[in-house]
Structures are given as C-alpha cells and as structure tokens.
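Work through the two exercises below with the sequence and the model open. Each task is followed by a solution in steps.

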Amino acid sequence: MLSFKAGDQGAFRSLFDNYKKRIINYCYRFCGHPEVAEELAQETFLKVYKAAPRYRPKARFSTWLFKIATNVCLNEIRKPIYRNRLQSMEDEQDGVHFATAETNRFRPDDMVASRQEQQMVRRAICRLPRKQRAALLLRIDGEFSYREIGKQINCSENHVKTLIHRGRQRLRETLAAHWERKK
Amino acid sequence: MIDPCKDETFLTALMDDVLSDAEASAVHRHVAHCPQCRQKLAQLKEADAMLRGLPSMEASADFEPAFWRKVAAEQEKRERRSWARYLLSGWRPVLTGGLAAGLVAGILLLTHPGKSLSPEELFIAEHVELLNDYDVINHLDLLEQWEVLQIMEDQS
C-alpha cells in the first residue's frame, strides 16, 4: 500500500488481486446477494484507491481493508432498498431460479451441505443485528483478533466477545428451529 | 472467578482461543463437569461450522472491467477538480475579477452613457448667444478704451 501511495500502480493491482476474492465473499456473506456483493467489493477497493494519498500504516493493511468493507456493507444494509432486496432474495432462494443461477458461480466441491441448509444459514446471517453480523463475520472470514475487530467496528474487546457470542447463539437458535421443523 | 454457567461468553472465548492458558484450563475443567455448558459449547461450534461451510463465490467476468471503469471515472473527476483549483489559485482570481469588473463597467457605460443636464445647464446651452452678448456688455467700457487706443495707433 505504501508503494502504491508512492506512485506504483502495479502495487495496487497486486493488492487487488490478493484480496479480491476474500472481500467479495465477505460482502456476500454480509449482504446475502452475489451481485450486490460485487458492487460492495468494488466500492471497497475504490475507497482504498482514493484513500491512498492519506494512508498511514497504523495497523495491518487487511485490518484497514476489512474495516472499509464493513462500513460499506453496513451503509448498504441501512438503505430501505436493501430490505426489498433481502425479501426478493429470500423469495428467489425458495425457488429453482436461484439454484440454477448459483451453480455457475460456485465451485461444486464446496457444496457439501445441502442447498436448503446453506440458504437457511445465509438467511440467518442476514437477519442478525448489524454489529453482531459484522463481529461474527470478521472473526470467521477475516480471522481477526477481538482487538482488531474492536477497532474495525468501534467497540471494546469485551463487547466484541459478547457480540460474537450472541451472533453464534442467534444463528444456532434459527438453525435449530429449522432442524426441528425438518424432523 | 471463571464460571461459564454465569457468563457464557467464556465458551465463545474458548472457541476463539483468546483465553490465557490458565483461563482456558479453568473453562475446560468446568465444561468437563457441566453437561449444560458442554451442550452449549457443542451448539456454538455447530453454528460456526455451518457458517464456515458456506460455499465461496468466484468473481464474475465483469467484476474487474467494471471496477477499472469506476477507477477511470474517478480519475477523470479528479482532473476536472484540479482544473477548477488551478483557475482559482494565485493571481488568476485577481485577473479574472478585474476582467469581470471591466466587463460589467463596459456594459453599464453602454447602457447608461452619462448623467442628464440640470435645468440651469440646459438654459445656458439654449441661450449661449445671449450670454456672449452679456459678456460684451460687461466689458463695454474696456471696449471703448480699446477703440480709443486703436484710433491713437492709426493716427501715430
């Protein structure tokens, strides 16, 4: 990032290639919609590109990058249009259409759990309160420490621990209800 | 006192490996003897596994081209902004201001050529011949002297 700040465009290209997939998947798990996830990932990298002149390495680059991605995702889910998208996404997921569209974009060997269970998990994540969602995904996807997550979402380490715990609990409760219905 | 029964977040902290060795040992000992905490820990691990097991997605073919188009648009916007800053910096605003003032003054002069004459000035302009005569009358005695001088000159 410092090389890019000094004018090396190739350095940005390198960062982009290295983090592209992680950021897209983080955004996808956050918002639940593949096309929206790509837009959010592009917006994240664009913010990084614009912020280069002001960049100061106070923490790891990935910590900073995921902080930007989190803010972009949080802004997105605040919009009223997101709730409409979420509803139509859930409607699509119940039908055949989504299954067909998804097949082309996902590697077959990743589809270990049943499609229905994956859909349940995605819906459950999208229904988590914002900060619980952010804390949990930063832990799972980003593998950041509680301290780093605290800096990314502006809260104490203790609060991060509570958010992650509640997020997992809530996820578990939603899935347990689904499994009960299946029985 | 570490008691996951009272504070379940210890179970989450254990899963995330953020406890000290002493704390982790205490939680392990508790879980070994507490079926409820053992079950809760298993359920939390199950939820985590479901989350980690979600398939990853690959970027679409248009992801990169679309991103670089946005970067190009951003660079264009930046260049337009820097042109505006260039025009507004240093002596240029003074020159621009002066030219603008001159333009406004020119427009005003063309549309308003001069102020109108007062009634006195108008009277004088209309009766300038009479005024010339008045001037002569005022200096008649001098003129009379002049005639005498002329006669004297002719005679000499």
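The model is predicted, so local features need pLDDT of at least 70 and side-chain atom pairs pLDDT 80 or more, while totals for chains, interfaces and linings use all residues. Residues are numbered from 1 along each chain as its sequence is written, chains are lettered from A and ligands numbered from 1 in the order in which they are written, and side-chain values use heavy atoms, without hydrogens and water.

**Exercise 1.** Describe the surroundings of B:D3.

Step 1. Locate B:D3: the residue is in the segment before α1 (9–15) of chain B, helices being DSSP runs of H or I with at least four residues.

Step 2. List its contacts (heavy atoms within 4.5 Å). Beyond neighbours within four places in sequence, B:D3 touches B:F10 and B:H30.

Step 3. B:D3 is buried (under 20% relative accessible area, 1.4 Å probe, protein chains only). The nearest side chain of opposite charge, B:K6, lies 4.2 Å away, and B:D3 has no salt bridge (side-chain nitrogen of Lys or Arg within 4 Å of a carboxyl oxygen of Asp or Glu).

**Exercise 2.** Characterise the interface of chain B and chain A.

Step 1. Count residues: 34 of chain B contact 43 of chain A.

Step 2. Take the buried area (accessible area lost on being put together, 1.4 Å probe, summed over both parts). The value is about 4100 Å², with 62% from carbon and sulfur atoms. In chain B, B:L51, B:M57 and B:F63 lose the most area to chain A, together 19% of what that side buries.

Step 3. Count salt bridges: the rule finds eight across the interface. B:E46 and A:R172 form a salt bridge through their side chains (3.5 Å, N to O).

How values were computed
Helix = DSSP H or I, 4+ residues; strand = E, 2+ residues; numbered from the N terminus. Buried < 20%, exposed > 50% of the residue type's maximum accessible area, 1.4 Å probe, protein only. Lys, Arg positive; Asp, Glu negative; His and termini not counted. Buried area = accessible area lost by both parts, 1.4 Å probe.
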